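Okay, thanks everyone for coming.

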Amino acid sequence: MFKKIMVPVDLARIEQLAKALDCAADMAVHYGADICYVGVTGATPGPLGRNPGEYTERLKAFAGEQAAARGVNASHHTEIANDPTTEVDDALIRAVGAVGADLVVMGTHDPRFSDFLWPANGIRLAGHSTASVFLVRED
Amino acid sequence: MADSPNQGIPEPEGTADIIDTEYDIGQDNIEGHLGPFGFDIHNPVFMISGLTIVAFVFYALAFKENADALFNGVDPAAVAGCEAGAFCDIGLRVWLTSVFDWFFMSAANIFVLFCLFLIVSPWGSVRLGGADASPDYGYAGWFAMLFAAGMGIGLMFFGVLEPVYHMAVSQPLGVPSPIAEDGTIIAANVDAARQMGLAATIYHWGLHPWAIYAIVALALALFTFNKGLPLTIRSAFYPIFGERIWGWTGHVIDTVAVFATLFGLATSLGFGAQQANAGLSHVFGIPTSTTVQVILITGITAVALISVLRGLDGGVKLLSEINMVIAGLLLFFVLFAAGAASILSEFVTGIVGYVREILPLSNPVGREDTAYMHGWTTFYWAWWISWSPFVGMFIARVSRGRTVREFITCVLIIPSIVCVLWMAVFGGAAIEQVLADPVGSPVTAEVIAGYNPPMSLFAMLEGLPLASITSVIAIVLVIVFFVTSSDSGSLVIDTITAGGKVDAPVPQRVFWCTFEGAVAIVLLLGGGLGALQAMVISTGLPFTIVLLLMCWAIMKGLIAEKG
């Protein structure tokens with residue numbers, strides 16, 4: 001049913017994504033699909049890398065660990081956003097096309113008041129992506 | 001297993017000379033939630049900046065007379081023991097720009113020469129972001145953003161006023177006015193005064209201010225994109241202070257930058273609301289009152305909030321581009337309505353005059369035209385320099401992928417040419433009107449007989465067809481230029497107070513944007529705008545030293561980059 005599962009990851013908050021990561025891996029095994037871990041970063045230096053190249057190295061290492069631990073085929077993909085605070089969903093929509101994903105499995109928090117002011121990541125993605133989107137509530 | 005290479009960025013960003021520092025970006029940040037709102041702030045820059053700003057607002061309001069006397073001076077006739085021309089008369093701002101005139105002017109000359117040197121030097125080929133980096137923005141969007149943040153609003157207010165004023169009143173380099181006291185034209189003075197009016201204006205809006213911005217922007221872009229340091233003002237000082245920039249030395253640098261940026265924006269917003277109110281009153285007869293001005297500030301802040309929430313591309317860039325289109329349409333309308341042939345002749349006159357007079361105008365010693373030099377030139381230099389942390393950091397953020405040569409050319413040369421065109425069109429049209437009717441022209445009334453900066457543009461438009469329509473467009477432009485300053489300024493402050501992180505939670509930028517509007521309203525209602533604006537301009541002096549140090553840091557950084 002699915003051939004490529006895209007899993008957006010925030011490398012600074014991996015522990016909160018455990019459920020989404022498990023879910024994506026289970027579905028990959030079930031459908032024989034590949035997983036592509038996607039990270040969004042700014043072009044400016046940040047805690048996860050002093051340039052997009054360093055960030056990508058970390059993402060690559062993460063994808064390697066996941067592949068080894070879960071026995072799935074995994075790749076990685078980095079999207080650069082000029083303003084990562086507000087442009088994550090747009091970057092992920094671009095990524096869906098770039099990696100050729102037919103399913104996105106993404107961790108998201110429970111609904112809360114601030115969502116009325118600025119919607120949680122994933123809302124816009126679900127509304128605009130051509131791929132199926134599975135939003136997994138964080139623990 | 002990881003079976004494929006990275007699919008997003010085709011290449012790493014190529015060779016760049018990353019600085020090997022022990023500091024982890026964000027290590028001093030505090031993350032958490034305040035109710036439903038997340039935050040990720042640098043400790044202690046966020047807190048100290050916020051508290052200092054509140055303290056100075058309190059000082060400006062609670063000790064209003066004291067603050068005004070310190071920064072703007074007092075009336076010597078009303079205060080015993082205060083002589084005319086003494087510090088107590090002129091205040092800190094004028095004192096600094098008068099006593100240190102040689103310093104401001106020499107430094108600005110150095111900045112221009114340094115930038116021109118970089119264009120032709122071998123270091124011009126260094127690419128910001130590493131050898132293989134590609135630009136994040138196309139020319140149109142990039143140029144629109146740097147122009148809208150840099151000086152768009154000033155062009156609206158001074159495009160008419162300055163050329164006319166310098167032609168008829170301030171007499172730069174002693175060039176006499178072509179208008180006699182009885183209002184008649186002195187034909188023998190016209191050509192020289194007309195050329196000097198444009199040249200003296202272009203001098204303030206051409207190479208020098210853009211060189212000031214270019215220095216700060218280049219320093220930050222180089223140390224961020226090539227050296228891997230966080231996007232914050234302190235990073236440019238790494239070659240000077242080394243690892244100490246992560247301690248209190250850096251905290252002070254960043255805090256002063258936040259302080260100058262926020263008060264610069266808030267006081268401009270306050271004065272801008274008064275000016276926009278004057279325009280609305282002129283066009284629509286809306287009363288001039290603090291209520292209208294508070295509504296204007298609230299409206300501008302609300303639109304700026306939407307812009308920052310939509311982000312750099314969806315908000316700030318989009319608004320800047322819209323602004324440039326409207327400004328371009330207004331420019332072309334004035335160009336053709338006032339007579340394209342004569343205006344283009346003014347353009348050539350302006351450029352020729354600028355080239356011929358730039359050296360005498362840049363000379364800081366032996367000048368007798370101190371009214372022009374102190375009242376305008378050094379004031380402008382202090383003003384541009386105090387704004388440079390904000391504009392420079394914003395330009396830096398959107399300039400990755402350009403070579404140093406391309407960067408300087410686009411930040412220095414092209415905006416200067418656009419400013420020449422703008423001044424030639426708006427100033428040239430206004431000068432034509434004044435010379436055609438030196439007594440009855442509305443421009444004469446608002447610039448020469450009276451001194452009314454916000455009305456000068458509308459006065460010139462009155463002398464052209466379709467004034468009621470173009471005046472509305474001008475008001476819209478003024479307001480949108482304020483929005484583009486406000487939103488880009490909020491992003492800059494948010495980034496500095498987040499320790500250089502550009503992915504801090506949204507509520508933080510909402511906080512700074514709202515805070516800026518609130519400070520403007522409080523100062524407008526309490527009457528502290530003048531004192532705090534003078535204080536911000538006074539920060540131009542220490543920042544001049546900072547910029548000189550940045551030149552050295554840039555050179556050191558570029559030399560290392562070339563290996």
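Predicted model: local features only at pLDDT ≥ 70, side-chain atom pairs only at ≥ 80, totals over all residues.

Staying in chain B, let's look at helix pairs. Two packed helices are described by the angle between their axes and the distance between the axes. Take α3(B), residues 87-99, and α19(B), residues 529-538: they pack at an angle of about 25°, with their axes 9 Å apart. That makes α3(B) roughly parallel to α19(B). The crossing is left-handed. On the α3(B) side you've got B:Gly91, B:Leu92, B:Arg93 and B:Leu96, and they meet B:Ala534, B:Ile537 and B:Ser538 in α19(B).

Next pair: α8(B), residues 207-226, with α20(B), residues 540-562. Here the angle is about 40°, and the axes are 9 Å apart. These helices are therefore oblique to each other, and their crossing is left-handed. Among the residues that meet here are B:Ile212, B:Ile215, B:Val216 and B:Phe223 from α8(B), and B:Leu547, B:Met550, B:Cys551 and B:Ile554 from α20(B).

Now over to chain A, and a sheet. What order do its 5 strands come in? Reading across, it's β3-β2-β1-β4-β5, an open sheet with parallel pairing. β3 (74-80) and β5 (132-137) of chain A stand at the edges with a single partner strand each, so one side of each is left without a neighbour in the sheet. From one strand to the next, the twist averages 25°. If you zoom in on β2(A), residues 34-41, you'll find 7 bridges joining it to β3(A). A:Cys36 stands opposite A:Ser75 in β3(A).

Finally, the helices on that sheet. Helix α1 of chain A, residues 18-31, lies across β1, β2, β4 and β5, and runs at about 160° to β4(A). Helix α3 of chain A, residues 88-99, lies across β1, β2, β3 and β4, at about 145° to β2(A). That's my tour, so over to you.

Definitions and conventions: Residues numbered from 1 in each chain as written. Chains lettered and ligands numbered in written order. Pairing = 2+ DSSP bridges. Helix = DSSP H or I, 4+ residues; strand = E, 2+ residues; numbered from the N terminus. Axes fitted to C-alpha atoms, helices over the stretch in contact; angles between N-to-C directions. Contact = placed C-beta atoms within 7 Å. Parallel < 35°, antiparallel > 145°, perpendicular 65-115°, else oblique. Left-handed = near helix turned anticlockwise from the far one by under 90°.
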